[in-house]
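Reader: Please present the structure, and then let us discuss its helix packing, its backbone and its overall composition.

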Amino acid sequence: MSLFRNFFIALSNSSYLNETARKLGPRMGANKVVAGNTIEQLIDTIEYLNDKNIEVTVDNLGEFVGTEALATQAKNEILEVMQAIKDYNVDAHMSVKLSSLGGEFDTELAYQNLREILLKADEFDKMHINIDTEKYDSLQQIIKVLDRLKGEFRNVGTVIQAYLYDGLDLIDRYPELRLRLVKGAYKEDESIAYQTKEEIDANYIKIIEKRLLNAKNFTSIATHDDKIINHVKQFVKDNNIEKDAFEFQMLYGFRSELAEEIAHQGDHFTVYVPYGNDWFGYFMRRLAERPQNLALAYQEFVSTETLKKVGLTSVIGLGALAAISGAVKFFRR
């Protein structure tokens, strides 16, 4: 299983595949986990979830941003989404990646772009802005930017990944900030991260418990794992932790019935909703996590419409198609 996880994470890191995939719009089954690429499609999704008592955090997808012009475009797209959230009066906030704002080549540019986003968020009833986690190489950059912003803004937070050895220390660093706690979605070296599910799950529980007992702000527990969810429910009951202190989060398109059930039971619940044309990297990481989605991806990719649009000579047509086909056959054994 780890071989295929590593393979699809490698695909997600290909700038050429991502660029080619933009020409398609969400395909290969990605439309099941990405809320389209127009504001209208996004707002429809948010309203649908809000009607089920579920809040939304929006990820305006963007990867491989290598110029100031592209970083500015990404910032403006985020501001456009924020304006739509306000105009349509929906219950949603933003999750942003520093890399999409120029962080891969200019930390100061990313900081200034994010600060502009936070200033606008202040105008919109202090809408929460969450700095998303990325690969470990970007962690110190995220910390540096967050430390500059947290004194000026109270509506900024970030993500702690449980597979990192220093996850517990990061919990201690930011008790006053709103945090999202996740297991971790990237491939990291064993020198900095736990490698087995058992180790990651155990550290995730430690991080959740420590955070809930000591937090001075809201906590988002992002998981699709029944055992983790049930453990958290029992833990907050045993320790008299108020329901208003935390929420559960899940990814859009995954375990929707369970999400609705938890929200119906009175727990705060948010769905992480990706949106936009840069869907390929995000979707490959979801395939790495959930290989049962491979069959869906393969079926849609080999459709006549998709092959005609990208062309049989494209790298995706020859590379990703073969990879997904092989993976589907492997998991059908």
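Author: A crossing is left-handed if the near helix is turned anticlockwise from the far one by less than a right angle, and right-handed if clockwise. Helices (H or I, at least four residues) and strands (E, at least two) are DSSP runs, numbered from the N terminus. The model is a predicted one, in which local features need pLDDT of at least 70 and side-chain atom pairs count only at pLDDT 80 or more, while totals for chains, interfaces and linings use all residues. Residues are numbered from 1 along each chain as its sequence is written, and side-chain values use heavy atoms, with hydrogens and water left out.

Reader: Which hand does the crossing of α4 and α5 have?

Author: The axes of α4 (residues 68–87) and α5 (residues 107–123) come within 10 Å and cross at roughly 15 degrees. Because angles under 35 degrees count as roughly parallel, over 145 as roughly antiparallel, 65 to 115 as roughly perpendicular and the rest as oblique, α4 is roughly parallel to α5. The crossing in which α4 passes α5 is right-handed.

Reader: Is K126 buried or exposed?

Author: K126 lies in the loop between α5 and β3 (129–131), and its phi is near 55 degrees, a positive value in a residue other than glycine. Buried means under 20% relative accessible area, exposed over 50%, and partly exposed in between (1.4 Å probe, protein chains only). At 53% relative accessibility, K126 is therefore exposed.

Reader: What is the relative accessible area of R255?

Author: R255 belongs to the loop between β7 (246–251) and α10 (256–264). Although not a glycine, R255 has a positive phi of about 50 degrees. R255 is partly exposed, because its relative accessible area is 30%.

Reader: Which residues does Q141 touch, not counting those up to four places away in sequence?

Author: Q141 is placed in helix α6 (residues 139–149). With a relative accessible area of 16%, Q141 is buried. Its contacts beyond that sequence range are L98, G103 and T107.

Reader: What percentage of the residues in the protein is buried?

Author: The protein has 14 helices and 8 strands. Of its 333 residues, the buried ones make up 55%.

How values were computed:
Axes fitted to C-alpha atoms, helices over the stretch in contact; angles between N-to-C directions. Contact = heavy atoms within 4.5 Å.
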